[in-house]
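Hi,

Here is the structure I promised to pass on. My notes on it follow below.

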Amino acid sequence: MYVVNVPEAGEGTCPCEGWNNHWVKFHPDRFAGTDQSRCSAVGCSGAFKHGGHVKKAGVPGLTDRTVYIIPLCDTCHDPANTRPYLIHSHIALIPADPKVTCDRR
Ligand SMILES: [Zn+2]
Ligand SMILES: [Zn+2]
């Protein structure tokens, strides 16, 4: 899966006190046994420092415009990183929108 950063979406907040907490809170339990301390990008060994806002990319005919949160390191999370990049297949993409996650009513 390719994704691309959506840095402007990261300015919002949610009740989780940090987008990295938002990801940790909502990622499915089936991933509990996997290493969740690392950046999602393939070929990157950086530490999980940020819950980064991304959109899916590189899929022809893609209609999914949802903004998701994934674990990213300092480098991959940088707004200067504007190119689509590949993420590991075991990474859960958690919707960023609080209305469907942490602030659901
Ligand atoms: Zn949240
Ligand atoms: Zn990285």
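Let me start with a strand pair: β2 (residues 50–57) and β3 (residues 68–72) run antiparallel and are joined by five bridges. Within that pair, Gly51 sits opposite Pro71 in β3. Helices here are DSSP runs of H or I with at least four residues, strands are runs of E with at least two, and both are numbered from the N terminus. Strands count as paired if DSSP finds at least two bridges between them.

Before you dig in: this is a predicted model, where local features need pLDDT of at least 70, side-chain atom pairs count only at pLDDT 80 or more, and totals for chains, interfaces and linings use all residues. Residues are numbered from 1 along each chain as its sequence is written, while chains are lettered from A and ligands numbered from 1 in the order in which they are written.

On confidence, pLDDT (the predictor's per-residue confidence, from 0 to 100) averages 90 over the chain, and 93% of the residues score at least 70.

Now the wider fold. The chain has two helices and five strands, running β-α-β-β-α-β-β from the N terminus. The five strands make an open, antiparallel sheet in the order β4-β1-β2-β3-β5. β4 and β5 (94–95) are at the edges with a single partner strand each, so one side of each has no neighbour in the sheet.

As for overall dimensions, the C-alpha trace spans about 35 × 30 × 25 Å along its principal axes. Buried residues (20 or more other C-beta atoms within 10 Å of their own, with C-beta atoms placed from the backbone) make up 26% of the 105 residues.

Cheers

Definitions and conventions. A residue is buried if 20 or more other C-beta atoms lie within 10 Å of its own, exposed if 12 or fewer, and partly exposed in between; C-beta atoms are placed from the backbone.
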